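Hi,

Have a look at it first, then read on.

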Amino acid sequence: MKSAIQHAALATVATVTSMLWASPALAKDKAPELAVCESSLGTIALVDGDTKGWTEWDLGSPRELVNALAVESGCFTPHGLASGEPARFLVTVIAGSQEEVDQSINVASGLASQALVSSGAASAVASKVPFGSAVSGLFGGFGGKKTTYAAGIRVVSPANGMTLASGSGSVKKESISFKNTGWASNAANASGYGDSKQGRRLTEAFVLAFNNLVAQRAALEMAPASAAAEPAAQVAVDTVMHASPATDSAELRKLRAGTELTPTGKREGLFIEASDSYGTTGWVSVEDLL
């Protein structure tokens, strides 16, 4: 049975979500501007998600594109291995049909809601959520079934695999001008997207997704700065613990949903190393964790 505090937190999430859905969306005839931040929210390490729709348009990974948006906006700092410190956020990028992206983002949105409630941050977020033309919803995305190019960005805590925020965007044709050198053309060219209409349209979809993500900065600001601050992880679905950070590596044991794990702080791609209550240590996909 949920406590009064949990009910209040859930109500707050619902209120914030409904308020944002009611906020003005981007005008269809107006090109989106990139969101900006006064200071970086932290370092990000990007990986490709399971939905690699960009290959359908003969495009490469959009990771450099998103890194370029992060730098230009000032909202995030691309992680450098030379720093010797782990990235604060793990970011997955996806692209594909509207239905594919919606499915992935909706799952992440549910986990983000759970994270706010369990951390007690929901009421604090309600007072900090920014409004503006770049916002379409706290946990929702842009577009509808008629759109063609869809993109999604999901921010995950490397410490325990918990989804902190997610955003999506979709366009049928670009409204941003890529003719002159500027933030848009620099972002598109970073991943080799500037030379084709498919690449430019997908770039704009990622701009919308990025703006949608930055609109949730209040939730990201409250994320722990280190793995040690958030040691517990919980398995969301029945899965397995692997001997190494790869889905085809040896299986150490099966994990039932609800199993508590303790991350060691090591991470690679979409996997974190963690130990169970029996002392078994192995690798688990962050996408299978709450």
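**What I found**

Phe89 is buried, at a relative accessible area of 0% (buried means under 20% relative accessible area, exposed over 50% and partly exposed in between, with a 1.4 Å probe and protein chains only).

Before I go on, some ground rules. This is a predicted model, where local features need pLDDT of at least 70 and side-chain atom pairs count only at pLDDT 80 or more, while totals for chains, interfaces and linings use all residues. Residues are numbered from 1 along each chain as its sequence is written, and side-chain values use heavy atoms, with hydrogens and water left out.

**The chain as a whole**

The protein chain has seven helices and eleven strands (DSSP runs numbered from the N terminus, with helices being H or I of at least four residues and strands E of at least two). Of its 290 residues, 50% are buried. If you take the contacts between residues at least 6 apart in sequence, 74% of them join residues at least 24 apart (contact means heavy atoms within 4.5 Å).

**Aromatic pairs**

There are three aromatic pairs in the structure. Rings of Phe, Tyr and Trp (its six-membered ring) pair if their centres lie within 6.5 Å; planes under 30 degrees apart count as stacked, over 60 as edge-to-face and the rest as tilted.

Trp57 and Tyr149 form a tilted pair, because their ring centres are 4.8 Å apart and their planes stand at 45°. This pair links distant parts of the chain, 92 residues apart: Trp57 sits in the loop between β1 (43-52) and α2 (63-73), and Tyr149 in strand β4 (residues 149-156). Trp57 is buried at a relative accessible area of 17%, and Tyr149 is buried too, at 6%.

Phe89 comes back here with Phe76. Their ring centres are 6.2 Å apart and their planes are at 90°, so the pair is edge-to-face. Phe76 belongs to the loop between α2 and β2 (77-78) and Phe89 to strand β3 (residues 89-96), so parts 13 residues apart in sequence are tied together. Phe76 is buried, with a relative accessible area of 5%. Phe76, Phe89 and Phe210 make up one aromatic cluster.

In α2, the buried residues are Leu65, Val66, Asn67, Leu69, Ala70 and Ser73. Which elements cover them? The cover includes β1, β2, β3, β4, α5 and α6.

α2 packs against helix α5 (residues 183-190) at an angle of about 150°, with the axes 7 Å apart. Axes here are lines fitted to C-alpha atoms, for helices over the stretch in contact, and angles run from 0 to 180 degrees between N-to-C directions. That angle makes α2 roughly antiparallel to α5 (under 35 degrees counts as roughly parallel, over 145 as roughly antiparallel, 65 to 115 as roughly perpendicular and the rest as oblique). The contact involves Glu64, Leu65, Ala68, Leu69 and Glu72 of α2, together with Trp183, Ala187 and Ala190 of α5. By type, the residues of this contact of α2 with α5 are six nonpolar, no polar and two charged. In that count, Ala, Val, Leu, Ile, Met, Phe, Trp, Tyr, Cys and Pro are nonpolar, Asp, Glu, Lys and Arg are charged, and the others, Gly among them, are polar.

With helix α6 (residues 197-214), the axis of α2 comes within 11 Å and crosses at roughly 50°. α2 and α6 are therefore oblique to each other. Leu65, Val66, Leu69, Ala70 and Ser73 of α2 meet Thr203, Phe206, Val207 and Phe210 of α6. The contact of α2 with α6 has seven nonpolar residues, two polar and no charged.

**Loops worth a click**

- Asp58, in the loop between β1 and α2, has a phi near 55°, a positive value in a residue other than glycine. Asp58 is exposed, with a relative accessible area of 74%.
- Ala87 is in the loop between β2 and β3 and is buried, at 10% relative accessible area. Leaving aside residues up to four places away in sequence, Ala87 touches Thr43, Ile44, Ala45, His79, Pro158 and Arg267. Ala87 and Arg267 are 180 residues apart in sequence and 9.9 Å apart in space, C-alpha to C-alpha.

Best wishes
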